[in-house]
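Thanks for making the time this morning. I would like to take you through one model, beginning with a sheet and then turning to some charged pairs.

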Amino acid sequence: MKLMIPVAALIFLISCGEAKKVEEESGLSVVGGERVSSGLYDKYFTSIVSMQFGGRHFCGGTLIASNKVLSAAHCLADQNRQQVLNNLQITIGTEDLGNLQGAQRFGIVDYQFGAYNARTMKNDIVLITLNGNTSFKPAPVNRSASYPSAGATLYVAGWGATAEGGYTTRNLKYAGLRNVSNQECEQALGTTIHDSNICAYERGTDSCQGDSGGPLYALENDQLKLVGIVSWGYGCARPGAPGVYTRVSSFNL
Ligand code: 4AZ
């Protein structure tokens, strides 16, 4: 796809834009490219992980069990399997990648793709098994195809670029977005959006390079629930261009 920026090898993050006020419920009130404070991190975001080679963050992921991480297939698909098994490191338990005190780092023992298609970006999901169990809290995974509804507030988080073509960040950021129906998303982007995708948009804020593989969450009962995986977009935070995510309810995990 023409302007698609595949995320993988590089690194970078979120929220190219302005803070936006979303409904003030619970602890997550102001969103749109805010730093995740350590308080917010501890309360909501412990399931987000940093995937690294040689200490360098290249993609996000989400802890869904004490030894399982979900990420995007395109983060790993081009890499040699043995090298991934030998060298992929997953950092859990910190919003600050420059301070690993209290963080936990794991290698991996296995990873499995679904039916990932690099040309259509369909099934951009990978399930990774860690070489140990973390004590950090995993995210519940949404299983319902009819959830969330169009217009619902969602949250994306990551260490990716803060502007299109920009740099990854040391500190975790998050942004509030709105769920866009697949039909509307397809019209906005002018390309096929699969049922196994979910789109999200908010003017001036977005996921970006290096956020790939990371979570798209919904807030339910004061807890972040995983609904999507950062997959691709036409650049970052371009007006009218929603970001495209893998819809986790489409997969048997
Ligand atoms: C990327 O290049 C990327 N706004 C990821 C997500 C989006 C755009 C670009 C969606 O990794």
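What follows is a short account of strand pairing and of salt bridges.

Please keep in mind that this is a predicted model, in which local features need pLDDT of at least 70 and side-chain atom pairs count only at pLDDT 80 or more, while totals for chains, interfaces and linings use all residues. Residues are numbered from 1 along each chain as its sequence is written, and side-chain values use heavy atoms, with hydrogens and water left out.

Seven strands make up an open, antiparallel sheet in the order S8-S7-S4-S5-S6-S10-S9, where strands are DSSP runs of E, at least two residues long, numbered from the N terminus, and two of them pair if DSSP finds at least two bridges between them. At the edges are S8 (104–106) and S9 (108–113), each of which pairs on one side only. Between S6 (residues 68–71) and S10 (residues 126–130) there are four bridges, and Lys68 has Thr129 as its partner in S10.

Now to the salt bridges, meaning a side-chain nitrogen of Lys or Arg within 4 Å of a carboxyl oxygen of Asp or Glu; the count comes to six. One of them joins Asp96 and Arg170, at 2.6 Å from N to O. Asp96 lies in the loop between S7 and S8 and Arg170 in the loop between S11 and S12, so the pair ties together parts that are 74 residues apart in sequence. Asp96 is buried at 11% relative accessibility, whereas Arg170 is partly exposed at 48%, where buried means under 20% relative accessible area, exposed over 50%, and partly exposed in between, using a 1.4 Å probe and protein chains only.
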